[in-house]
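Open the model in your viewer and keep the sequence panel beside it. This tour goes from the whole chain to single residues, one selection at a time.

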Amino acid sequence: MRFSSSVITKTPFEVIQLKDELNGTVVEIYSIGALMNGFYVFVNGHLHNVIDGFATPEAALKEITYGFKSAKLAPFVCRMANGQFTIDGHQYTIGKFYLGDHAIHGLVYDALFDVMNIHADEHACSVGLRYSYTGSDKGYPFPFELLVNWKLETNNKVTVTTTVLHHHASAIPYSDGWHPYFTLGTSVDDCTLQFTGNQQVEFDERLLPTGVAIDDHRFVKGTNLKGIDLDNCFLLNASEPPRCLLKNNLMELCIQPDTAYPYLQVYIPPHRNSIAIENLSSTPDAFNNEMGLLWLKPNQHHIFSTSYTVKSLE
């Protein structure tokens, strides 16, 4: 059979391997945060991991809040101003992780997901994971259930689909996203970035949206990243299929979110050896500025999906 899927360790948590036996592509999924820690593809005869992930599962446990590599972002994304928001006159204050004055990156980045199923056949392999948030953080007392499915297909294509469901009497506020860092084997300075968006969400000095979108056409046809610093959010064009390309002379990464992820957050860390390209359903601080904020209806499935495809250019 061409594809295989298996749990390769259960300590300190389950790690699942998805593999294309024909071309050797391997995807490594951690049950902590349901995150993708490895996406290994053969380029010029060498196996290369395009994910800047954790060295070991133990390292993920200790270091997840240092960069939030590949973290699942829910029920809010990026920064929330002072960790606070208000609904119907009641103010909520997030209790979890803060960077400076602001809560960041949601509540499930270190959640231990249950492995519900693994599957493999001649066409693809996959793993399904589930986490039930109980409302344990006083700043977000709204239980919900997350289902995350990772699938590896032919042509080095990985798709992740998130389904969220809740049973409250009324709608709850929600944002969804991912926080992966990608590396193409060289400095980011040797890469070009292109995506279907020509508007940047203006930030203030706190890296929070001002509510204004400004024109930014740099990445419509692609631009080299040398000398460019990014920690910005962009609005993808609604009039065309969303797509983002990162490439150098070795390989090309194509990211294709569905329309549930209309925002793209891009961050280049100071070391410039990798780049975070984050598909988001809203802007940062959406619980306050309402830019892309979703109100999830009860007892309905709400679905978010994106795919990553790697192609060798050698």
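**The whole chain**

Start with a cartoon of the protein chain, which comes to 2 helices and 29 strands. The radius of gyration is 19 Å, close to the 20 Å that the globule rule gives for 314 residues, so the chain is as compact as a globular protein of that length. Keep in mind that this is a predicted model.

Of the 314 residues in the chain, 54% are buried. Among contacts with a separation of 6 or more, 64% are between residues 24 or more positions apart.

**Aromatic rings**

Next, select the aromatic side chains. How many aromatic pairs are there? The count comes to 22.

Zoom in on F68 and Y109. Their ring centres are 4.9 Å apart; the planes meet at 85°, over the 60 degrees that the class requires, so the pair is edge-to-face. This pair links distant parts of the chain, 41 residues apart. F68 is in the loop between α1 (57-63) and β6 (71-73), while Y109 is in the loop between β11 (102-104) and β12 (114-120). Are these two residues, F68 and Y109, buried or exposed? Both are buried.

Move on to F85 and F287, another edge-to-face pair, with 4.9 Å from centre to centre and 85° between the planes. Here too the pair links distant parts of the chain: F85 sits in strand β8 (residues 84-87) and F287 in helix α2 (residues 286-289), 202 residues apart. F85 and F287 are both buried.

**Two residues and their surroundings**

Select E58, which lies in helix α1. Its relative accessible area is 38%; buried means under 20% and exposed over 50%, so E58 counts as partly exposed. Leaving out residues up to four places away in sequence, E58 touches T11 and P12. For a view across the model, draw a line from the C-alpha atom of E58 to that of E205: the two atoms are separated by 35 Å, and the residues are 147 apart along the chain.

Now go to T183, in the loop between β18 (181-182) and β19 (192-195). Is T183 buried or exposed? With a relative accessible area of 15%, T183 is buried. Display what T183 touches, again leaving out residues up to four places away in sequence: H48, N49, V50, I51, D52, N273 and S274. Another line to draw runs from T183 to D121, where the C-alpha atoms are separated by 29 Å and the residues are 62 apart along the chain.

**Backbone details**

The last stops concern the backbone. Most residues other than glycine have a negative phi, and most peptide bonds are trans.

The peptide bond from T11 to P12 is cis, with omega near 0°. P12 lies in the loop between β1 (3-9) and β2 (15-20).

Next, select A74 and P75. A cis peptide bond joins them, and omega is about 0°. The loop that holds P75 runs between β6 and β7 (79-80).

Then find E290, in the loop between α2 and β28 (294-296). E290 is not a glycine, yet its phi is positive, about 65°. At 58% relative accessibility, E290 counts as exposed.

Finish at N299, in the loop between β28 and β29 (302-312). N299 has a positive phi of about 60°, although it is not a glycine. Its relative accessible area is 51%, and N299 is exposed.

How values were computed: Residues numbered from 1 in each chain as written. Predicted model: local features only at pLDDT ≥ 70, side-chain atom pairs only at ≥ 80, totals over all residues. Heavy atoms only, no water. Helix = DSSP H or I, 4+ residues; strand = E, 2+ residues; numbered from the N terminus. Rg over C-alpha atoms; globule rule 2.2 N^0.38 Å. Buried < 20%, exposed > 50% of the residue type's maximum accessible area, 1.4 Å probe, protein only. Contact = heavy atoms within 4.5 Å. Phe/Tyr/Trp six-rings, centres within 6.5 Å; stacked < 30°, edge-to-face > 60°.
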